[in-house]
Amino acid sequence: MTVVLAALIAVFCLMRIRGPKPLFYFSYRLGLVFSEMPFLVICALVASTALAFAEGDIATVADRLVVALGAASAAGLVVVALRGLRTAAVVRLALDEALGTGTATRRRPPLARILLRPFFRRRGDVRRVGNLRYGDAGRHNLLDLYHHRSRPEGGPVLIHFHGGHYDQGRKNTQSLPLLYRLASQGWVCISANYRLRPAFSHPDHLIDAKKVIAWAREHAKEYGADPAAAVFVSGSSAGGHMAALAALTPNERCYQPGFEAADTSVTAAIALNGYLGVYFDGDPATSPVNLVRADAPPFLIAHGDLDELVETDNPKALVTALRSVSTSPVVYAELPGAHHAFDLFHSFRFEALIDGIEDFAAWVTSQKGAVQ
């Protein structure tokens, strides 16, 4: 057991396998667990090694080499953990630089959730209403809604779109720690499916995104929200692309067939490990970079500096383009040590980012209230 664990950690955490796609994705997914929850892996490694010593299994030179490999892996995991702990400072600095000093607040990380329940996203004070229909495309046009059980009135809305290369993924898998946290504080949060490749392509995904926004403005008040106050749109990976496109094409009739009169503008946009370039067909009009506008809403873009699927130059291009044109602030947080899909678990990294998203949302809604 010690041999297997040490080898897995060394191969899939301290290095990533390139090459054949099946091997790469196996390495990527397993390494994601190690990089987001290194403390748990360190504990498992220490416990298995201690057990091996207690049972007298460390007797040969080969056994001692395995222990040395485990020690090297543990040291690497400590580095991984320290990078995750740096996220809070990085996010606070990004907020202060974009929104003004003092915007970010310090919070204690939820240690119990991070260390003991990283996979458990549900909260007792939040109710999930599943599989609400927002369009006529069957299961591809279903959404889940999260709200506080007490249904406080007047809360803002967050709409999230999952990632998956536009050809896979589903609504109840990504950014759930974010959705449950905000819902527990009175937000109404929505996570939606949408039509996928290869059966559908652009602009079908964007049309679905706008249908969700229109649905939220019409129905979210039934669950305690005030859609007239604030509607945030967010997404992970390909969902970040959708969120950015939706934020930069408000009320454009060509993307709202049959619901042209609906208000599909949003208050702010959040892109997490997002691909923010051109779509698969290469059409320049599908890149958010080419759609920036002076009246774009505020953006928060968070990306891992070790993202193996989307290089940091990709989101930075949108940040640069927005800052050169938009009158709204753009927060860019490059997360140290983060890989793609860092938003799946309760980790020190993602919890610190959620704190930053809360501060960003508080600033945006306060500015919107001041203008009104």
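**Legends to close-up views of a predicted model**

**View 1. The whole chain and its secondary structure.** The secondary structure of the chain amounts to 11 helices and 8 strands, as seen in this model, which is predicted rather than determined by experiment. Along its principal axes, the C-alpha trace of the chain spans about 75 × 45 × 40 Å. The radius of gyration of the chain is 22 Å, which agrees with the value near 21 Å that a compact globule would have with 372 residues.

View 2. The structure holds 1 cavity of 30 Å³ or more, and about 90 Å³ of space lies in the largest cavity. Its lining is made up of 15 residues, and those that lie nearest the centre are Glu36, Met37, Pro38, Phe39 and Phe348.

**View 3. The elements and residue classes around the cavity.** Two or more residues of the lining of the largest cavity come from each of helix 2 (21-36), helix 3 (38-54), helix 4 (61-85), helix 6 (111-116) and helix 11 (348-371). When the lining of this cavity is sorted by class, 9 residues are nonpolar, 4 are polar and 2 are charged.

**View 4. A nonpolar patch on the surface.** Val78, Leu82 and Leu85 form a nonpolar patch on the surface, and together these residues have about 250 Å² of accessible area. Leu82, one of the residues of this patch, lies in helix 4, and helix 4 also gives two or more residues to the lining of the largest cavity shown in the views above.

Terms used:
Residues numbered from 1 in each chain as written. Predicted model: local features only at pLDDT ≥ 70, side-chain atom pairs only at ≥ 80, totals over all residues. Heavy atoms only, no water. 1 Å grid on protein atoms, 1.4 Å probe; cavity = no way out; pocket = protein on both sides within 12 Å on 5 of 7 lines; lining within 4 Å. Points joined across faces, edges and corners; volume = space filled by probe spheres on them. Helix = DSSP H or I, 4+ residues; strand = E, 2+ residues; numbered from the N terminus. Nonpolar A, V, L, I, M, F, W, Y, C, P; charged D, E, K, R; others polar. Patch = residues over 30% accessible without salt bridge, like charges linked within 9 Å, V, L, I, M, F, W, Y side chains within 5 Å. Areas by Shrake-Rupley, 256 points an atom, 1.4 Å probe, with all protein chains shown as cover. Salt bridge = Lys/Arg side-chain N within 4 Å of Asp/Glu carboxyl O. Rg over C-alpha atoms; globule rule 2.2 N^0.38 Å.
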